[in-house]
Amino acid sequence: MIRIRLLWLIFLALMFTGCTGNDESWHGKDISGLMPELEFRLEGTDGNTVTPADSRGTIRLLYFGFTSCPDVCPTTLTDLRRSVGQLPEEYRDDVTTLFVSVDPRRDTPERLASYVDFFGDRVVGMTAEEPALRELTKRYRTTFGYDKPDSSGNYNVSHSSAVYVFDRSGNARLLLRPGLSPEQISEDLAQLARESG
Amino acid sequence: MPVSSYLLPYDFSPLTLLSYMLVLGFYGAALLRMPEQDRPGSGRIVTFTLGVMLCYAVMQTRFDYYSQYMFFVHRGQHLILHHLGPILIALSNPLPVMRFWYQKILPSVRYWLQPLGWIYRILQQPFIASFLFVGLIYFWLWPSIHFDAMLSRQLYWIMNWSMLLDGLLFWWLIFDPRSPAVTNALGYGKRILLLALVAIPQMILGAWIVFSRGMVYDVYEVCGRAWPMPPETDQLLGGLLTWIPPAMMSILGILIVLRRAMHEDGKFPKSRSLAGGNA
C-alpha cells in the first residue's frame with residue numbers, strides 16, 4: 001500500500017510539473033516543436049511557383065481561406081493588416097502574410113490577386129490543385145471541406161480559422177486563434193521580430 | 001473518391017501497421033501449431049479478429065481523417081480504441097495463444113522479460129488500473145492538452161496508442177478468464193465494483209461536454225472541420241458519445257462478470273478456502 005501511495009505522489013508531481021512548465025509570454029498559442037517548419041510549393045497570382053524561399057528572412061503568417069468567404073477571412077486579413085501597421089516602423093517590412101486559397105475552382109489567379117491587394121502590399125495570394133492543398137493542410141494538421149452548392153452555385157467552405165506564425169528561419173512558433181485583438185497580435189509579432197532580428 | 005482511398009490510411013504509420021501484422025501473424029501461427037484441445041473455437045477467433053480489425057480500422061483508414069477533424073468522430077475513435085476493441089479482444093480469451101508463445105520463449109530471454117512482468121503487475125493493481133483508465137480519458141480531453149494533441153502528429157499517435165494499450169490492460173483485468181477461486185485473478189466483486197466506479201466519472205465528463213454552452217474544444221474550429229457542421233452539434237454528439245456508450249459498456253461488463261460469478265458459484269468449494277488463505 002505504501003508503494004502505491006508513493007507511485008501516486010510521483011505521478012501527481014510529474015503531472016503538475018508538466019502543467020507549470022509553460023512560458024506565458026505570448027498572446028497566441030506557442031506551437032514551437034509541435035509542428036514542422038514552413039514548406040510549400042504553390043502557384044502565385046502571376047502564375048509562378050511560390051516557395052518559402054521567396055519570403056526568406058521575414059516572419060511568415062500562413063492563413064487558409066477562400067475569396068468568397070463571407071466574414072472570417074476578411075476579418076482576419078484586416079486584423080493582420082492592422083497589427084502589422086501597429087508594429088515599430090523598422091519591422092513593418094519584415095512580416096509576410098501568406099494567404100492560401102483552398103477553393104481553387106473559384107479562385108482564379110486574377111481574382112486572388114485583386115483580393116489580396118486589398119489587404120496590403122506584403123500579402124501573397126497562393127493556391128494549387130486540390131491534392132497539393134490537401135498535402136499542405138495535412139502537414140499543418142488542418143483541413144477544408146466543401147458544402148453542397150445552392151441553386152445559384154454558391155457553396156460554403158470549411159477551413160482553419162487560425163493563423164500560423166513562422167519565424168524568420170521558418171520554424172513554426174505561434175498559432176493565432178480567432179479572438180485576439182490586433183494589438184495583441186502586434187505585440188507578439190514585435191516580440192518575434194526582435195528576438196530573431 | 002475511389003473506394004480504395006477510404007481503406008488506405010490517412011496518416012500512414014509503419015510502426016502501427018507492423019504491430020497489427022505481428023499480432024495477427026502470431027495469433028494465426030499459434031492457432032495452426034497449438035494442440036487441438038487448447039485451440040480457441042471459431043467464435044472466439046472471430047471475436048478476436050474483429051476486435052483487432054476494428055482498432056486497426058479507426059487508426060489506419062479514412063476514419064482517422066474524420067477523427068482528426070470532427071470532435072464526435074474522434075470520440076467514436078476512442079470509444080473503439082479504449083472500449084469496444086479491447087472488450088472484444090479480452091472476451092475472446094487469447095490466453096491459450098499467449099501461453100503457447102510464452103512457452104516458446106527461451107528461459108534466458110524470459111529472465112530479461114521479468115521487468116515487463118513487474119510493470120504489468122503494478123499497472124494491474126485495481127486502484128492504479130481504474131485510475132489510469134479514467135485518468136487517461138480526462139488527461140487527453142483536458143482542453144489545453146487536447147488542443148496540443150490534435151496539433152502535433154507525435155502527440156496524436158501517443159494519445160491513440162496510450163488509449164488502446166490502457167484499454168487492453170483494463171478490460172483484460174475485468175474479463176480475465178481465470179477464475180479468482182483458483183488463481184490470483186481479481187475477484188468478481190472487485191471487478192464489478194471497478195466497472196461501476198469508472199462509469200461515474202465518464203458520465204460526469206460526458207454530461208459536462210453535452211451541457212457546456214461555450215466551445216470546450218475549439219481546436220476543431222481552429223483547424224477546420226472535415227465538412228461544415230455547426231460546432232455546437234459536433235460538441236453535443238461528441239459529449240453524448242463520451243457519456244452514454246461507455247456507461248452502457250460498464251453495465252454490460254457487470255452483467256457478463258455477474259453471469260460468470262453465478263456459473264462458478266459452488267464449483268470450487270475446496271480451492272476457494274485455499275485461495276482465501278493465500279490472498
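**Conventions.** I count residues from 1 along each chain as its sequence is written, with chains lettered from A and ligands numbered from 1 in the order in which they are written. The model is predicted, so local features need pLDDT of at least 70 and side-chain atom pairs count only at pLDDT 80 or more, while totals for chains, interfaces and linings use all residues.

**Chain B, overall.** I looked up the secondary structure and found 14 helices and 0 strands. Helices (H or I, at least four residues) and strands (E, at least two) are DSSP runs, numbered from the N terminus. I then took the extent of the C-alpha trace of chain B, which is about 65 × 40 × 35 Å along its principal axes.

Of the 279 residues of chain B, 34% count as buried. A residue is buried if 20 or more other C-beta atoms lie within 10 Å of its own, exposed if 12 or fewer, and partly exposed in between, with C-beta atoms placed from the backbone. Among contacts in chain B with a separation of 6 or more, 80% join residues 24 or more positions apart. Two residues are in contact if their C-beta atoms, placed from the backbone, lie within 7 Å.

**Helices α8(B) and α9(B).** I checked how this pair packs: the angle is about 75 degrees and the axes are 5 Å apart. Axes are lines fitted to C-alpha atoms, for helices over the stretch in contact, and angles run from 0 to 180 degrees between N-to-C directions. The angle makes α8(B) roughly perpendicular to α9(B); the classes are roughly parallel under 35 degrees, roughly antiparallel over 145, roughly perpendicular from 65 to 115, and oblique for the rest. On the α8(B) side I find B:F139, B:W140 and B:L141, which meet B:I145, B:H146 and B:A149 of α9(B). By class this contact has 5 nonpolar, 1 polar and no charged residues. Ala, Val, Leu, Ile, Met, Phe, Trp, Tyr, Cys and Pro count as nonpolar, Asp, Glu, Lys and Arg as charged, and the others, Gly among them, as polar.

**Contact between chains A and B.** I list 18 residues from chain B and 17 residues from chain A. On the chain B side, α8 (126-141), α9 (143-151) and α12 (219-222) each supply at least two residues, and α9(B) gives the most, with 3 residues. That side divides into 10 nonpolar, 3 polar and 5 charged residues.

**Helix α3(A), residues 109-117.** The buried residues are A:L112, A:Y115 and A:V116. They cover an arc of only 90 degrees around the axis, which puts them on the same side of α3(A); the arc is that of the directions from the helix axis to the C-beta atoms. These buried residues pack against β5 (95-101) and β6 (123-127) of chain A. The face turned away from the buried side carries the exposed A:E110, A:S114 and A:D117.

**Positive phi.** Most residues other than glycine have a negative phi. I noted A:R141, not a glycine, with a positive phi of about 50 degrees. A:R141 lies in the loop between α4 (130-139) and β7 (145-146) of chain A and counts as buried, with 23 C-beta neighbours inside 10 Å. I also noted B:N93, not a glycine, with a positive phi of about 50 degrees. B:N93 is in the loop between α5 (71-91) and α6 (95-104) of chain B and counts as partly exposed, with 18 C-beta neighbours inside 10 Å.
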